[in-house]
Amino acid sequence: MVELARRLGGAPKRKSRVSTGISLPVGLFLLAAAAFLVVGSAVSSIFAQQTVAGLAQGAIFGSLALALVLIYRATEVINFAQGEMAMATTYIAYQLTLWGLSYWLAFFLTLGLAFVLGVVVQLLVIRPVQHKSVLAVVIVTIGLFILIDGLVTWKWGADLKFMPAPFGNTVYHVGQVAFSRQDVGTLLVSILSVILLWLLFQFTKLGLAMRAAALRPAAASLVGVRVNWMLAIGWGLAAVLGAVAGLMTEPTVFLQPTMMQAILLYAFAAAVLGGLESPAGAVVGGLALGVFLNLVGQYVGFATAELRLPIAFAVLLVVLLLKPTGLFGRRQVRRV
Amino acid sequence: MTARPLLELDHVTARYGPVQALHGITLAADEGEIVAVLGANGAGKTTTLRAISNTVRRDGEIRFAGRTLGRQGPEAVARLGVAHVPEGRGTFAELSVWENLRLGAYTRRGALKDDLSRVQRYFPWLEERRSQQAGTLSGGEQQMLALARAFMQRPRLLLLDEPSLGLAPLLVTEIFRIVKDLNEQEGLTVLVVEQNAHLALQLSRAAYVLEVGRVALFGPSDELQEHESIRRSYLGY
Amino acid sequence: MRFVPAVVAAVAVALLPFALSGYHQGLASSVAIYFVAILGLNVLTGYTGQISIGHGAFMAIGGYVTAIMSQAHHTNLIATLPLSLAITFVCGVLVGIPALRLSGVYLALATFALAVSVPQLPLKFSKFLGGSNGLQTDHTVSHLWLYGVSWACAAIVFVLAWLLLRGRIGRAFRAVRDSEVAAASSGVSLPIYKTFAFGVSAAFAGVAGSLFVLATNGFAQPNEFGVLLSLKILIGAAVAGFGSLWGVLAGAAFVALLPEISGSVPLIGAAHGQDVVFGLVLILVMLALPNGFAGLVATVERGVKGAIKWRAAAS
C-alpha cells in the first residue's frame, strides 16, 4: 500500500497527529496469522477447506464492509440500507435474466444500474438531511431498509428464487482438500472489484477528488471540487460494491428478501474490525472475520451455529473496547 | 480609458447565523495589483475573503472580471479563477505534497507537467518532498505548499488569509518575496489579509483598513505608511 | 396552569378505553409501551448525548424476567414490574460502564451488538430460556387490564422523568450533552451521571419489555426482541425529537400505530405493501422534520414568539 511504502521509505520523523495505514505490530500480527493459516491448511484438509470457504464468505463481508466504510468516510453515517440495496440490485439482475439476458451480461448491467441507484438515493433522500442531523440521516437509511424490503417483497414475493450459477458447480481437488469453483470465483471477483476501486482512488483525478471531498470538504470546494457530486458518486460506488456482494451471495443462500440481512451485520463487525475509516481495513477485516468464524465454528465445540452472529459481535465489542479505531485505524486528536 | 477593476465589492454584508460580521464593505482591486486588507482581530478581514469565495452567507454585489458572483458555490468561484488560501491554509494534511498540488490543478484541463514545472521555479524544494505527507511539513513549508497549490490553479486572483500567522520572521519575509514574485512575473492579482500591517504595506500597492465590519480607511500603501497618526491609531505601530 | 394539558390528557386516556374495542385497546396499550421504552432512550440520548441502538436487548431482559418469574414462581404480574425495573437498571449500569470509553458511532455499534446478540442467547441456552418457543407467563391478561397497567406505567415514568430532569440531575445531564469537557471541568462527575443515565434508560426499557410480553399473550420469545425492535425504539426517539417530553408521545404513537395504518392503505396496503408505506412515510417525516416532533414544537414556538414581537413592535 502507498502509505506503507511511504512509511518504510523514510519520511522524516516528525510528530504528526494523523496516522494511517498499517502499524508495525498490526502488520506483524497479520503476517503471523497468514502463516498460521498456510501451515494449518497444509496439515489438515478440513482446516484448508474451512479457510478457503471462510475467505470466500469473508470476501463478501469485505465487499459490503467496504461499501459501508466508503459512505462512512464521506458522510460520517452508517448506511443501514446497504444490505437491502445490495439485495434489491441482485433481484434486478434476476429480473434481467428472466428477460433473457445471460448471467454475465445481467451482472455488468446490474452494476451500472446499482451505480445509478446509489446516486439517486443520495440525491433524493440523503442530501436534504445530511447537513441537518446525523440521527436523521441514520433514520432515513433505516426507512430505506424498510421501504426497499417492502418493495422487493411486494414485487417479487418472499419465496425463494434461483439464478443461474455464475461459476458452475464444479469442485476442484487439491490432494485431500475440496474447493468449490464458486468459492474461488467469489473470492476472485470480490478481490478484483476492491482492487479496481483502489486503483480508482489512488491513481485517478476523480478518485483523488473523492478522497479530498471526504477528508476536507471545505478545502476541497475551494480548489473547485464539487463536493456534493463526489458524495453522490461515493454512494453510487458503494451501491456497486453492494451489488457485487449480493450477486456473490446468491449462489449460496439463493434469492430471498432476507438474504443480505445477516451479512450486513457481519459487515458491520468486519468494518469495525478493520477500522471504520479504512477501506483496506474493511477488506482485511472481512476476510479475517470470515476465516475466524469458520475456524472457531469448526474447532470450538461451544460455538454452535446460533452463536455465530453473537461471536462476530463479540469480536466487534472487543475491538471497540480495546482499539476502537480498528486494525488499520487512524488516531484522532480531540481538540478542546 | 481605465479598465474596470478585476475585483469589486459593493456594500457587501455577511453574517454567521444571527451575527452580522460585515456591515457594508466596498473595495476594489485592479488587475496586477497587490491589495492589503488590514485591521484588528474581529474586524472582518477573513470574512471579507470568505464573502468573495462564497463560504459565508453574504449579500451585496461582488464583481469579478466583469461578472457578478451570485449564488454560485465556492467550487464555481474557484473555476472562475479565484484561488482562496484560507486561514489554516486549506492543505490536505492526510494527502501527499504531490496530491495536494494535483488537487490545486483540479480545475485545469491539459497537461499537468507544465503547471508543475512552473511551480518548481518558485518552490524548488517541493520536488524532492513530493511523497511526503503534507501534515508532517513544518508550518512554513505548509504555507508555501498552500501557495504552490493555489498557484497550480493558475488563478487570476489570489485571496491570501494571514500568510504570516505562526511563522518565524525569516519565513514570513521569504513568503512575501514569493508572493511579490508571483505578482510581478505572473501578473497575479493578490488580495492579502494580514495582521502584520508593516510588512503588508510594504508588499501592497493599496490597502484597506477594516474596523468592526466596515472600511475605516483606505488608500495607497505608501501614503498610509507615512502618516504616523494613521499608523498609530489604525495599524498599531 | 402548566399542568392543564397533562391533566386533560390524563382524563382522556382514562376515558378512552371504554370507547374502543378490545383490539384497539391493545393498540392503545402498545402506544403506552413504546412510550415507556422511547422515553428511556430519549433520556439517554437527548439529555446525555449517548447513543444506543440496543434498547431491544434491555426490553428482552425485562420481558424474560417477567416470564420466568411468573412461570417458575407464579409471581404476581404487577410485582414483576419493579423487579424488572431493578434488574434492567443494574444491567444498564453494567453496560454503561464500558460505554464510557466509547462515543458516537462506536457507541451506537457497540449497543447494536447487544441488540443482535442478546436475543440469540435464549436459543443457545434453550433449557433455561425456552429456546425459540420462548417462555410464557402463568396466565394471560385482558385488554383492559393491560391498557390500565401500561398507561399507569407510562404516567409514572413520565412523572419520574420530569422530576429527574428538572432538578440537579437534569442540569447535569444537559451539561454532559452540550459539552463533556466543560461539564467535567465544572465539577460534574461524568462517569457517575453517564452510567446513571444508562441505568435509568435501561430500566424504563425493561419495564416496557415486561409489558410487551404481557401484551403478546404472555410469551417471551427471541424473535419478538430482535434488531427490528431496537430500531423501532430508535425511530420513535428520532421522530419524537429531543427536548420535549410530549414529543415522545408523538414518537410512540408513530411507531405503534403507523404499521397498522400502513396495512390499510388501499392498493399498496395489502400483503407486504405495509412496509412500503411505513418506510416511505418514515423517510418523508424525517425529511420534513429532521429534528423530530420536538424540533417542530421549537420552530412553532419561535414563530409564535417572533409574531408576538412583530405585533408588539408594529403597534
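Helix axes are taken here as lines fitted to C-alpha atoms over the stretch in contact, with angles running from 0 to 180 degrees between N-to-C directions. In this predicted model, the axes of helix H13 (residues 245-263) of chain C and helix H14 (residues 273-288) of chain C come within 8 Å and cross at roughly 135°. Angles over 145 degrees count as roughly antiparallel, and H13(C) and H14(C) are therefore oblique to each other. The crossing in which H13(C) passes H14(C) is right-handed. On the side of H13(C), the contact is made by C:Phe254, C:Leu258, C:Pro259, C:Ser262 and C:Gly263, whereas H14(C) contributes C:Gln274, C:Val277, C:Phe278, C:Val281, C:Leu282 and C:Val285. By class, the residues of the contact between H13(C) and H14(C) comprise eight nonpolar and three polar residues, with no charged residue.

A pair of helices in chain A was examined in the same terms. The axes of helix H4 (residues 82-98) of chain A and helix H5 (residues 103-130) of chain A come within 9 Å, crossing at roughly 140°, and H4(A) and H5(A) are therefore oblique to each other. In passing H5(A), H4(A) makes a right-handed crossing. The residues that H4(A) brings to this contact are A:Met85, A:Thr89, A:Ile92, A:Ala93, A:Leu96 and A:Thr97, and those that they meet in H5(A) include A:Tyr103, A:Ala106, A:Leu109, A:Leu113, A:Leu117 and A:Val121. The residues of the contact of H4(A) with H5(A) divide into eleven nonpolar and four polar, and none of them is charged.

Attention then turns to the contacts between chains. Two pairs of chains touch, and of these the pair formed by chains A and C has the most contacts. Chain B and chain C, by contrast, are joined by no contact, and their closest C-alpha atoms lie 14 Å apart. Between chain C and chain A, 35 residues of chain C are in contact with 43 residues of chain A.

The size of an interface is often given as the accessible area lost when the parts come together. For chain C and chain A the buried area is about 3,600 Å², with 83% of this area given by carbon and sulfur atoms. Within chain C, the residues that lose the most area to chain A are C:Tyr106, C:Leu109 and C:Lys124, which together account for 17% of what that side buries. Although C:Lys124 is among these residues, the count of salt bridges between chain C and chain A is zero.

Terms used:
Residues numbered from 1 in each chain as written. Chains lettered and ligands numbered in written order. Predicted model: local features only at pLDDT ≥ 70, side-chain atom pairs only at ≥ 80, totals over all residues. Heavy atoms only, no water. Helix = DSSP H or I, 4+ residues; strand = E, 2+ residues; numbered from the N terminus. Parallel < 35°, antiparallel > 145°, perpendicular 65-115°, else oblique. Left-handed = near helix turned anticlockwise from the far one by under 90°. Contact = heavy atoms within 4.5 Å. Nonpolar A, V, L, I, M, F, W, Y, C, P; charged D, E, K, R; others polar. Buried area = accessible area lost by both parts, 1.4 Å probe. Salt bridge = Lys/Arg side-chain N within 4 Å of Asp/Glu carboxyl O.
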